[in-house]
Amino acid sequence: MADLAARGETPEVLFWVGCAGSFDDRYKRVTRDFVRILDHVGISYAVLGMEETCTGDPAKRAGNEFLFQMQAMTNIATLDGYGIKTIVTACPHCFNTIKNEYPALGGNYEVIHHSTFLQNLINEGKVKVQGGGAFKGKRITFHDSCYLGRANNIYEAPREVLAALDADLVEMKRSRANGLCCGAGGAQMWKEPEPGSKDINVERAEEAIGTGATIIASACPFCMTMMSDGVKSQNKEDSVQVFDIAELIAQAEGLNG
Amino acid sequence: MIHTIAFLLVAILGIGLFVWQIRKITRNINLGRDKDISGNVSERINAVLLVAFGQQKMFKRPWPAFLHLFVYVGFLVINIEVLEIFIDGIFGTHRAFGVLGPAYDVLMAVNEVLGALVVVACIIFLVRRNVTKVPRLTRGPEMRAWPKMDANVILVTEIVLMFALFAFNIADQKIAQLNSTELPGTFPVTASMVNLFGSDLSSLALIAGIGWWVHIIGILAFMNYLPSSKHFHIIMAFPNVYYTKLEPKGQFSNVESITHEIKAMLDPSYVVPPAPEGAQPQKFGAQDVEDLSWKQLMDSYTCTECGRCTSVCPANLTGKLLSPRKIVMDTRDRMEEKGESPLIFSPAHYKEESERVKATEERTLLRGYVTPEELWACTTCNACVESCPVNIDQLSTIMDMRRYLVLEESAAPAALNTMFNNIENNGAPWAFSPSDRFNWANDLYTVSKN
Ligand code: SF4
Ligand code: SF4
């Protein structure tokens, strides 16, 4: 972004990569695939690169309002400094925080989650998944992220993106508003679960595997980690894979070869 | 005359007692912090129509929803009859609404059919609670003796009230038959039972009288029982849904005092707006009921103890201690301990402790009722909020207590403190160097972008 600004250019959208998208090895692949899609459709975009810092979501959910607001105000200063108006992100937590919680602190942007963004690209015909190709007839189930679904009422966008793949979409019993959490939200990602009888991600992975799907699609970095671990705990990692919706689109478009 | 005086005495006593209790409850709710919840009137009224009147969220589970609908509509319609009872009681009339003619026929018919359905529904509900023991209604550390008894008391009372109504109608019809007078109304349920109580006029009059009195005293007693019971939701559901949070569920409240503090820190010229006159310096987050907002306290009076929230809570489903219903019920218990108890209720009912939840002796909501272990198990997934038929925001109460633990006591689990440190030092919740943030682009097309 700094380079663009130095050239006096403003991008159409700012891609907010997020900490998981920047540091988590698995989710870095999603970041790259999403960027490939952006390049493919020729949208002008920028990333903050090293100027990006945590939105503060995990701090806020863990109760550390002070740290959250520090992070938020730092980010708002950066974003406003570049005159950013539109932000797209592949993380529902970043999406929710910037969209819903930054305005109270003075940060007002149009924030789009990549599921909605991809849905628009498909609807506009900019991404044309040719006859499904690799995914035709494959059984895919979508796991709702709490921060996309219940938190922001986005249930259809990721499903419409998957529908473009011409695959065999199956729903878990608990889906959409009744979807079961993967277990990572509320800063659980960074701590051990409290004592209990089972891990939440195992419960959810069992349900997903129970649909007979060979691909579990998600749209959140933490869901991805939790579902992958859950699948592993059932020793099913050879037959059931977890992919982000952006990866599936990139694959179908032959972008990540 | 004596009848009228007796009725007036009973009615005034019953209503007066109820008003007295409502005032206590209002004072209890006002223990909470001020919170401005206003505006969006049409959206709010819409929510009341859909969720409270329309029972929208009940229909996620159609089978209990239909049964509940009978009891609910029965309650609404039977209220019209209560009005008639009042008029008859005060003016010594008999079935005063009979002048409505055919409309009264319909009203009485609907009334009786609903009455019968209420009895059926209540019996099924009793079975679900006591015989088949539906887990969400019976299990969990919060489902102690009092809440269990409370539910049964209500169901049995409703059945008794309906039978009193039927007895009154049967005797009344037989009396009219014997006197060859015209009785207004049609009675599809009891018409075939007119001979049930024989044909002795004086004992029939007695039965009709008892039926009438049991019904009205029963209703007044029931009304006064409400404030001690989960059944208070039949009143509280309406205001509580009206004051529903309209923002997206993912939007957590902003702590404004912290905003001022940080702005002042970043910009020394920033002037913190003065606190309103006489305002107490507030704690960060919630340790006790007075640190919660009045809406969160109102939530706790609205809870139907149905357990829908707990039955969808991922933490509870996987054996963690957390139960969102318990958080709401604990808030009510603590509020009544700290504030005032209504007529029957006393938090002492709750003093039996469950084996796993070991609260300390501290007399605050946090630790005295709710343990940190419960709070830290929450994934903030909003499943509880989504499931609640009366739009309670369990999560906001959990979050406010978490805030207290972190901001006032620095009592977060060690792993979370590490996460906080990482964010502070590296700008990411993991211990990665900020200079590596852009590395994902290194091998994008083997040439880096931008
Ligand atoms: S938000 Fe917390 S309490 Fe509510 S259902 Fe989810 S984990 Fe349970
Ligand atoms: S909080 Fe709502 S869902 Fe939970 S028990 Fe109470 S009424 Fe039922």
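## Sheets and interfaces

In chain A, four strands with parallel pairing make an open sheet in the order 2-1-3-4. Its edges are strand 2 (45-46) and strand 4 (110-113) of chain A; each has a single partner strand, so one side of each is left without a neighbour in the sheet. The model is predicted: local features need pLDDT of at least 70, side-chain atom pairs count only at pLDDT 80 or more, and totals for chains, interfaces and linings use all residues. Residues are numbered from 1 along each chain as its sequence is written, chains are lettered from A and ligands numbered from 1 in the order in which they are written, and side-chain values use heavy atoms, with hydrogens and water left out.

Helices (H or I, at least four residues) and strands (E, at least two) are DSSP runs numbered from the N terminus, and two strands pair if DSSP finds at least two bridges between them. Strands of a sheet pair through backbone hydrogen bonds, either parallel or antiparallel.

Within the sheet 2-1-3-4 of chain A, strand 1 (residues 13-16) and strand 2 of chain A are joined in the parallel sense by two bridges. Here A:Leu14 faces A:Ala46 of strand 2 of chain A, standing opposite this residue. Helix 6 (residues 92-101) of chain A packs on the sheet and touches strand 1, strand 3 (86-89) and strand 4 of chain A. The direction of helix 6 of chain A makes about 160° with that of strand 4 of chain A; axes are lines fitted to C-alpha atoms, for helices over the stretch in contact, and angles run from 0 to 180 degrees between N-to-C directions.

Strand 5 (residues 139-142) and strand 7 (residues 215-218) of chain A run parallel and are joined by three bridges. In this pairing A:Phe142 stands opposite A:Ala217 of strand 7 of chain A.

The next topic is the interface of the two chains. Contact (heavy atoms within 4.5 Å) takes 70 residues from chain A and 64 residues from chain B. Buried area is the accessible area (1.4 Å probe) that two parts lose on being put together, summed over both. Between chain A and chain B the buried area is about 5700 Å², with carbon and sulfur atoms giving 65%. On the side of chain A, the residues that lose the most area to chain B are A:Phe23, A:Phe66 and A:Trp190, together 13% of what that side buries.

The interface of chain A and chain B has two salt bridges, each defined as a side-chain nitrogen of Lys or Arg within 4 Å of a carboxyl oxygen of Asp or Glu.

About 1800 Å² is buried between domain 1 and domain 2 of chain B, of which carbon and sulfur atoms give 51%. In domain 1 of chain B, B:Glu142, B:Arg144 and B:Trp146 lose the most area to domain 2, together 36% of what that side buries. One salt bridge is found across this interface of chain B.

| Salt bridge | N to O distance |
|---|---|
| B:Arg437 and A:Glu52 | 3.2 Å |
| B:Arg325 and B:Glu142 | 3.0 Å |
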